[in-house]
Amino acid sequence: MSLKSSPYKERPLKWAIFAFPLVIVSCLAIFKTLLGSSEESLYTTIVTRREGPVEDATSLIYLFAFLCALFIAIKFFRVRPKRNLLGFLYLLLSLAFFFVCMEEISWGQRLLNLQPTGFFEQHNSQKEYTLHNLEWIAPKAGEGRNYVHKLYTIIGLVGAFAWLVLPTKMKNKANATVHYFVPSWYLALYFLPVSILYLYVDLSRYYLNGKYAFAAITWREQEPAELLLSLGFLLFVIINLYRQRLSSSR
């Protein structure tokens, strides 16, 4: 969002966006305290269960992010040839969102009630039609390095702090373009939790033999953390859609 248009109206909105993840995390903590986190609890059923409502919501959010990013790409292509590169990069981003959306629902496996056979039955650690759960990418706990965790950690750290470490000269010379690829400060708390969680999980496995320093926080919290990440990406592309419309109108 551009502060030049209406700074007094946009500043409270940015702080509200920034604080929203704190509200979600606080509500989840209260929810978990009241209901418990056993396998049969309502908290587990709704929030942390694989193939549950939170995972489905994450997939749906990535679908919306895909559509927004695709729309941005199309608009960039229409301003040829100056914006073709931006259009191509946003097209790739939209396809990445679509890929994650489909991976979250196992490419329709659950919807169609399909049972994996052959390659995926043999090499997928979750017995699903997904690439991110292949045994050499995301093996079962204790059976090797989980590269999906590392990817999420990197994405989370970049999304949370890229705005902070970006050189000032680059910000000044290519401010309009940079913002299309670097999330703003008020989106940091959507990206940071997934990094913290997976770093915590991996360090616990490597140095505490699978035990967790905080019993209330385990790998099961990955679903709400990934939901926050998906919301961060959706807000990022919606903000850039708004920015693109402002640029066009000028």
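This is a predicted model: local features need pLDDT of at least 70, side-chain atom pairs count only at pLDDT 80 or more; totals for chains, interfaces and linings use all residues.

1. On the overall fold, the chain has 11 helices and 0 strands, and the order of elements from the N terminus is accordingly written α-α-α-α-α-α-α-α-α-α-α. Of the 250 residues, 40% count as buried. Among contacts in the chain with a separation of 6 or more, 62% are accounted for by residues 24 or more positions apart.

2. Helix α10, which covers residues 188-207, has 20 residues and reaches 28 Å from its first C-alpha to its last, close to the 28 Å expected at 1.5 Å a residue.

3. Two packed helices are described by the angle between their axes and the distance between the axes. For α7 and α10, the axes come within 7 Å and cross at roughly 140°, and the crossing is left-handed. The residues of α7 that meet α10 include His-149, Tyr-152, Gly-156, Gly-159, Phe-161 and Trp-163, while on the α10 side they include Phe-191, Ser-195, Tyr-198, Asp-202 and Arg-205.

4. The structure holds 22 aromatic pairs. One of them is formed by Trp-15 and Phe-18, whose ring centres are 5.6 Å apart and whose planes stand at 80°, so the pair is edge-to-face. Both residues lie in helix α1 (residues 7-35), where they are 3 residues apart, about one turn of the helix. Together with Trp-185 and Tyr-186, they form one aromatic cluster. Phe-18 counts as partly exposed because its relative accessibility is 21%, and the cut-off for buried is under 20%.

5. Most residues other than glycine have a negative phi. Glu-51 has a positive phi, near 65°, and is found in the loop between α2 (42-48) and α3 (53-78). With a relative accessible area of 34%, Glu-51 is partly exposed. Lys-127 likewise has a positive phi, near 55°, and its place is in the loop between α6 and α7; a relative accessible area of 41% makes Lys-127 partly exposed.

6. Is Asn-133 buried or exposed? With a relative accessibility of 10%, Asn-133 counts as buried, although this residue is found in a loop, the one between α6 (118-123) and α7 (147-165). Leaving aside neighbours within four places in sequence, Asn-133 is in contact with Arg-50, His-123, Asn-124, Ser-125, Gln-126, Glu-128 and Ala-138.

Key: Residues are numbered from 1 along each chain as its sequence is written. Side-chain values use heavy atoms; hydrogens and water are left out. Helices (H or I, at least four residues) and strands (E, at least two) are DSSP runs, numbered from the N terminus. Buried means under 20% relative accessible area, exposed over 50%, partly exposed in between (1.4 Å probe, protein chains only). Contact means heavy atoms within 4.5 Å. The expected span of a helix is 1.5 Å times one less than its number of residues. Rings of Phe, Tyr and Trp (its six-membered ring) pair if their centres lie within 6.5 Å; planes under 30 degrees apart count as stacked, over 60 as edge-to-face and the rest as tilted. Axes are lines fitted to C-alpha atoms, for helices over the stretch in contact, and angles run from 0 to 180 degrees between N-to-C directions. A crossing is left-handed if the near helix is turned anticlockwise from the far one by less than a right angle, and right-handed if clockwise.
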